[in-house]
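Dear colleague,

I am handing over the structure below, together with some notes on its charged side chains. Please read the notes with the coordinates open beside you.

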Amino acid sequence: MKPIILTGFMGCGKSTIGQLLAQKTNRHFEDADTVIEQRSGMSIPRIFELEGEDGFRKREAQVFAELLEDSSLVLATGGGAVLKKENRDLFLKKGIVVFLKAEPSAIYERVSGDDHRPLAKGKTLEELTALYESRMPYYKECHICYETMNKTPLQCVNELQQLCGGIL
């Protein structure tokens, strides 16, 4: 058994689908951003404010290295986790990496106005789309690319289970 690592852009459903997937596969769920907030005693926006994106990414990499030692884990990564090659290499080596794909317009509807997402705050649809597209080559390095559009979280989990067969 290997950890299941959910990647994808912010607002694509990693946390929601991850929690359901963990329940249905008798695993436990961790959201990397939540773990970082708990350990630092700060919100993600506050970490970005004090340490910048580089400081946040360092914290994130430490959390990944520790959490991915657990083979029964379903991990929701932050949307930018794939930016660091070390993270991508670790994900591919340690787990089953699933890219949850959603359209930028749907993501924009979900995240615009969410003050908890520092990289989305104040962004136009065009700016968010450009950020999404700049990350796409990294997302595509995953083991499984899964389209989530027009599906409920439960449909996504059921289809992911079928796609992965005995892996999950």
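A salt bridge is taken here as a side-chain nitrogen of Lys or Arg lying within 4 Å of a carboxyl oxygen of Asp or Glu. Arg59 and Glu51 meet this criterion in the model, which is a predicted one, with their closest N and O atoms 2.7 Å apart. Both partners are partly exposed, Arg59 having a relative accessible area of 25% and Glu51 one of 31%.

In total, the structure holds nine salt bridges, and a few others deserve a description.

Arg46 and Glu49 are joined through their side chains in a salt bridge, with an N to O distance of 2.3 Å. These residues lie three apart in helix α3 (residues 44–67), so about one helical turn separates Arg46 from Glu49. Arg46 is partly exposed, at 37% relative accessibility, whereas Glu49, with a relative accessible area of 57%, is exposed.

A salt bridge also forms between the side chains of Glu141 and Arg88, at 3.0 Å from N to O. This pair links distant parts of the chain, 53 residues apart, since Glu141 sits in the loop between α6 (125–139) and β5 (144–147) while Arg88 belongs to helix α4 (residues 85–94). Arg88 is buried, its relative accessible area being 10%, and Glu141 is partly exposed at 36%.

Finally, salt bridges connect Glu53, Arg57 and Glu60 in a network.

Technical notes. Residues are numbered from 1 along each chain as its sequence is written. This is a predicted model: local features need pLDDT of at least 70, side-chain atom pairs count only at pLDDT 80 or more; totals for chains, interfaces and linings use all residues. Side-chain values use heavy atoms; hydrogens and water are left out. Helices (H or I, at least four residues) and strands (E, at least two) are DSSP runs, numbered from the N terminus. Buried means under 20% relative accessible area, exposed over 50%, partly exposed in between (1.4 Å probe, protein chains only).
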